[in-house]
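Subject: Structure handover

Hello,

Here is the structure we spoke about. Please look through it first; my notes on what was found come after it.

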Amino acid sequence: MSDLIKLSAVALGEKLAAKEVSAEEVTRVHLDRIGEVDGRVHAFLHVDTEGALSAAREIDSRRAAGEKLGPLAGVPIAIKDVIATKGVPTTCASKILEGWRPPYDATIMTRIREAGLVMLGKTNMDEFAMGSSTEYSAYGPTYNPWDLSRIPGGSGGGSAAALAAYEAPLAIGTDTGGSIRQPGAVTGTVGAKPTYGGTSRYGLVAFSSSLDTPGPCARTVLDAALLHEVIAGHDPRDSTSIAQPAPDVVAAARLGASGDLTGVRVGVVKEFGTDGVEPGVTAAFRDAVETLTKLGAEVVEVSCPHFQYALPAYYLIAPSECSSNLARFDSVRFGLRVGDDGNRSLEEVMSLTREAGFGDEVKRRIIIGTYALSSGYYDAYYGQAQKVRTLISRDFTSAFEQVDVLVSATTPFTAFELGARTSDPYQMYLADLYTIPTNLYGGPAISVPIGLSEGLPVGLQVMAPTMADDRMYRIAAAVESVVGTFTPPAL
Amino acid sequence: MAAISREEVAHLARLSRLAVTDQELDRFAGQLDVILQSVARVGEVAADDIPPTSHSVPLVNVLREDVIVPGLTRDEALSGAPDSAEDRFRVPQILADEE
């Protein structure tokens, strides 16, 4: 095992810039690490060895030619398998897209390549990003490097586990209801959900279009900020992309690292309470709040009365959008086709293909969404959920008149045992209790490690107003400067 | 009382173009019932006069510049198709035999 794999992306970038190490060597040590541990972790669905080495060599030759490169040039990165990568398999961990090689790159992928980052491969996830444990992957679960009998969170469990297992220093996730932050929390890594519209969805395979947000995953707050800076900004190919300059998250992370939060007002959401929360999570959260106070922040309790309806509203809105978005998997334009014997009709082939290609959770959500959108139920379910969404956004708006950021534990419980919640889908949904309100509002939120509960990582969530992503990086970096980073037992 | 019956689940699966099996229907009916009973809590909120939010970014008529940009070639667009013929997507029959 090379010491290089334990370095932050910032440190790797500095070594590369100083020509102390080549991008090819950095890439090789990470590929070696993947070869060594991924049989047990299963963070990756596809490792692009040749593509990674060739991209690394290109960076090395550009650097040798004296070209000025960005701070992350030559640093390896793992990409969640829901992001379209030209010529490289993109399955969304579904059988329905097995073997699909997109003919184009997602916008964030283009920006990642332009910044000189080296893609190692595609990471495992819950099928179409629906889940909180990565157990709904059609290709088998990912195992948490902290304890291989436990889940790494989801849907982006592969990206988070790859970081915790030192298989990659950076990764991309997507967050619809917590799929970046919750895996970050349970693996002791950092995960940031940018403002909705702050990062482009072009080339992100759609699950719930009004909520899906790609974002950075890393082992430190500053690393996450640097990757955030690479992927953020307006994209004309995404009509919901915000046409404003991205907040300076890197400067904010550096400022926060000084550890001074004098004058910052922090709100604790009263309604989140402690019912159903693991005692160790509550204790770690209380310590984190104390840390914020010691750093100079003023902490007050804030009421957000409609947050208790966020989970029900989300599990109507997201499945509704999913039932519409996943209609594109029709056995015609890409992916699987089953039962085309020359006699069956298109409709029969389509139904057989979708039956064979989708897993249980995807089917459940398509059916729930179809129900919530059907005439007679639309007003009571989907329509009412959209009104509740308005009330949740108003709760945020009024909270941010009193405080600069809101904080909570990222998730009510630490990494659970594999299989513990799969038989009761609603128990799985509870993992997203604290992360979902932000998605409905559209603001940014970050999870940063704050401690351990019975040996397993706990995350602090920092939520900020729309397009104030810099604020959450400042607070998270300040907390990190006190509590440090967390290293799992050797694999 | 159950929020959703096995028959309703079967009907919704047909609408969703999912050829679900009997075993799946047995499994899903109970699970979906638990989920629907839980999410029905949105109905507790008095929200008659509240406007719905479809999207957190209020936008109307986002138009791109009227300039030609490169798109996929025909071969690229067909590259992931399960079947194609004569530079087109080939689909199973869409009309009944007697036509």
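**Salt bridges**

Glu361(A) and Arg364(A) are joined through their side chains by a salt bridge of 2.8 Å, N to O (a salt bridge being a side-chain nitrogen of Lys or Arg within 4 Å of a carboxyl oxygen of Asp or Glu). The two residues are three apart in helix 12 (residues 360-373) of chain A, so about one helical turn separates them. Helices here are DSSP runs of H or I with at least four residues, strands are runs of E with at least two, and both are numbered from the N terminus. Both Glu361(A) and Arg364(A) are buried (buried is under 20% relative accessible area, exposed over 50%, partly exposed in between, with a 1.4 Å probe and protein chains only).

Before the rest, some conventions. This is a predicted model, in which local features need pLDDT of at least 70 and side-chain atom pairs count only at pLDDT 80 or more, while totals for chains, interfaces and linings use all residues. Residues are numbered from 1 along each chain as its sequence is written, chains are lettered from A and ligands numbered from 1 in the order in which they are written, and side-chain values use heavy atoms, with hydrogens and water left out.

Over all chains, the whole structure has 30 salt bridges. One of them pairs Glu24(A) with Arg57(A), with the closest N and O atoms 3.5 Å apart. Glu24(A) lies in helix 2 (residues 23-41) of chain A and Arg57(A) in helix 3 (residues 49-64) of chain A, so this pair ties together parts that are 33 residues apart in sequence. Glu24(A) is partly exposed at 21%, and Arg57(A) is partly exposed at 37%. Another salt bridge links Asp105(A) and Arg113(A) at 2.8 Å; Asp105(A) is buried at 16% relative accessible area, whereas Arg113(A) is partly exposed at 36%.

**Between the chains**

In contact (heavy atoms within 4.5 Å) are 55 residues of chain B and 66 residues of chain A. The two chains bury about 5,100 Å² between them, 64% of it on carbon and sulfur atoms (buried area is the accessible area, with a 1.4 Å probe, that two parts lose on being put together, summed over both). Arg17(B), Leu18(B) and Val42(B) supply 12% of the area that chain B buries against chain A, more than any other three residues.

Five salt bridges run between chain B and chain A. Among the salt bridges is that of Asp340(A) with Arg90(B), at 2.8 Å, N to O.

**Inside chain A**

Helix 7 (residues 221-231) of chain A has 10 of its 11 residues buried, so the rest of the structure largely encloses this helix. Gly233(A), which follows helix 7, has a positive phi, near 115°. Ala232(A) is in the loop between helix 7 and helix 8 (249-256) of chain A and is buried at 13% relative accessibility. Not counting residues up to four places away in sequence, Ala232(A) touches Arg111(A), Gly198(A), Thr199(A) and Ala246(A).

Ser210(A) sits in the loop between strand 5 (190-193) and strand 6 (213-218) of chain A. Ser210(A) is buried, at 2% relative accessibility. Beyond four places in sequence, the residues that Ser210(A) touches include Glu321(A), Ser54(B) and His55(B).

Regards
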